[in-house]
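Hi everyone, thanks for coming.

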Amino acid sequence: MRSVVLAATIASLVVWPATAWGQMGGYGGRGGMGDPSFGRRTEGSAPRLPGAELEGPPDSATIQPVLNLNPEQAKKYAAVYDSFMVATKPQRDSAQALQDDMYQKLDGGDRAAALFYAGKLQRVGDWLKDRQQRFEDRLADFLTSDQVKAYRQWRKDQDRDAEAKAKDNAIRWRTMGFGGMDRPAAEAKTFVDDTGLPHTDAGSQAVRVGRTVYVSGQVGVDDGGNIVGGNDLRAQATRAFANLTRVLGAANALPEDVVRLAVYVVGYRPADLEVIREAGAAYFPARHQPVVTVLGVESLSREGLLVAIEATAVQGSSAAAARRP
């Protein structure tokens, strides 16, 4: 959007108030803290965490259809399994508690504390992995070679499932790198143009980087690109806010997630401020008030347009705000 700001005509830098906006203004590897490579992770990567070993080996009912155990084998397997589960229960319970604490710290934004728990969890996972390997070595004492092969294949399948789960969990770690925990990790851009609205005169309708959504100046046009309301600022502003809401939705964000607005008004006059307030009030609840800058401009990218509205949103921030007392 090309615009020329009139002599720095800035109406206000404000928040929307309660009424009509009121006053404008992984599995495998060591990877724990004892691992020399632990502090040198690739920027933005997640630590390698325990996987299938946290659950332990399969019980008799689960493994029976896989191995087709005879009665004597089933009895021996049950005895070995029960002995293993009793011996490792304290460590498995500890691992679960560490994992809960780790993700609680991570989701709360305390990456340093989350990393501390990740290191402790990895050490417990290493111990459990070693004990499970001993358990599996004992199976060869009473299983046939074909049954051992079948068990190993079952285990590979479980490991693959654990790897897939680890990839999903790694998303929660992406916002901060482990090589420098005070620097945000680089995140991929997602360009949002499938909104059903006419394409902008330049660039994308929106770009999403992580949870942050940057929306280009939305104007008062219908789906066919026709200006709504002619020279009526109120009509154009109302449609511009509606279009902004559609673009946010296409980027998986809500009006409540908006943290900043920039409103450009052609030939701005003080009386226009109230018109902008009233047009936007329906879209921004009192509890979710963004910061707003209103600027007077000489023109917009198309003759006849009177207002354009840019936005920056942080997806999910409205839900976080709602949880605060």
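Let me start with a term we'll need: pLDDT is the predictor's confidence in each residue, on a scale from 0 to 100. We need it because what you see is a predicted model. And contact, when I say it, means heavy atoms within 4.5 Å.

With that in hand, look at residues 1–44: pLDDT stays under 50 there, and the model has 140 contacts beyond four places in sequence for this stretch.

What about the protein chain as a whole? Its mean pLDDT is 77, with 76% of the residues at 70 or more.

Now the fold. You can count seven helices and seven strands in the protein chain. Following the sequence, they come in the order β-α-α-α-α-β-β-β-α-β-α-β-β-α.

The protein chain has 325 residues, and 42% of them count as buried. Its accessible surface is about 16,800 Å², and carbon and sulfur atoms account for 52% of that.

Finally, let's zoom in on one residue, E136. You'll find E136 in helix α3, which spans residues 111–139. Is E136 buried or exposed? E136 is buried, because its relative accessible area is 15% and the cut-off for buried is under 20%. And which residues does E136 contact, once neighbours within four places in sequence are set aside? Those are Y151 and R155.

How values were computed. Residues are numbered from 1 along each chain as its sequence is written. This is a predicted model: local features need pLDDT of at least 70, side-chain atom pairs count only at pLDDT 80 or more; totals for chains, interfaces and linings use all residues. Side-chain values use heavy atoms; hydrogens and water are left out. Helices (H or I, at least four residues) and strands (E, at least two) are DSSP runs, numbered from the N terminus. Buried means under 20% relative accessible area, exposed over 50%, partly exposed in between (1.4 Å probe, protein chains only). Accessible areas come from the Shrake-Rupley method with a 1.4 Å probe; for residues, only the protein chains shown count as cover.
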